[in-house]
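Dear colleague,

I am passing on the structure we spoke about, and my notes on it follow below.

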Protein chains: 2
Amino acid sequence: MKLLSRQEEIVLLSIWKLKDNAYGVTIREHVSEITGRYWSIGAIYVPLDRLVEKGFIDPIQGEPTARRGGRSKRYYSITEDGMKALSEIKQVQDALWDGFPKLAGERSKV
Amino acid sequence: MKLLSRQEEIVLLSIWKLKDNAYGVTIREHVSEITGRYWSIGAIYVPLDRLVEKGFIDPIQGEPTARRGGRSKRYYSITEDGMKALSEIKQVQDALWDGFPKLAGERSKV
DNA sequence: GTTAAATTCTTCTATTTATTAGAAGATATG
DNA sequence: CATATCTTCTAATAAATAGAAGAATTTAAC
């Protein structure tokens, strides 16, 4: 199986972080925040579609909300295969980064 | 500045790991070992060229070695900019993965 | 209460960039 | 010259990127 691409990793982890509030717009906001970069609309939706196709996330159609423009959202949740793909890339990364010097100002995890 | 792509990250870190023995063939071996996957020749040399072009690594022409076919190798070493790019992607990854459950069988780092 | 305006969210698609594969080429020694 | 090691080249496929357009909804104007 192929490793997750960078975008797939970032989008997939954002969905995991956002729990039950993961849809196009919130994912894009989260990704921008974490990476400190501008992300176009397409840079989110294209990988999202691919992740669905690969079976790593499931789309769930939400209900419209009572606010102007509150059209129904397409929420996403991670599948078991998605979690496996994440675990796999994590394992590779841990091996790769093993021994890399701590960043200046990095705090140790609790 | 753009984030490192997956291949760039993997190749760059392999060069860092291999220290003064990082050239096409050893990099390819290391990457295959770490990822547990087949990597074609091009899958190494193409990102290598791009990393040089971006100024993240410097090529150093080695001497031939006294063995059949021991032609001179092109060694690579990471530049300051390369280290910066690595630190940056690490920071993004740490933020992304923060809170992700430990893998089964994962040992804590010393 | 009908219509227009505004808002939120997604779809679509063309372009650029990156990945992948491996044959071919170059350079070395036996 | 035969064989081994290493790199260059390039064509094909896949992924990233941008953002205009479209769809669905609520609010406001009249």
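Which atom of Arg74(A) lies 2.9 Å from a phosphate oxygen of DNA strand C? It is a backbone N or O atom of Arg74(A), a polar contact being a pair of N or O atoms within 3.5 Å, where pairs within protein also need one atom able to donate a hydrogen and the other to accept it, and residues adjacent in sequence count only if both atoms are side-chain atoms.

Please bear in mind that this is a predicted model, in which local features need pLDDT of at least 70 and side-chain atom pairs count only at pLDDT 80 or more, while totals for chains, interfaces and linings use all residues. Residues are numbered from 1 along each chain as its sequence is written, chains are lettered from A and ligands numbered from 1 in the order in which they are written, and side-chain values use heavy atoms, with hydrogens and water left out.

In total 29 residues surround DNA strand C, the closest being Tyr45(A), Arg68(A), Gly69(A), Arg50(B) and Arg71(B), where near means a heavy atom within 4 Å. Sugar and phosphate account for 69% of the atoms of DNA strand C that come within 4 Å of the protein.

As for the two protein chains, chain B can be laid on chain A with an RMSD of 0.0 Å by a turn of 180 degrees and a shift of 0.0 Å along the axis, superposed by least squares on the C-alpha atoms of residues with pLDDT of at least 70 in both. That is the relation of a two-fold axis, and in chain B the C-alpha nearest the axis is that of Arg6(B), 2.8 Å from it.

With kind regards
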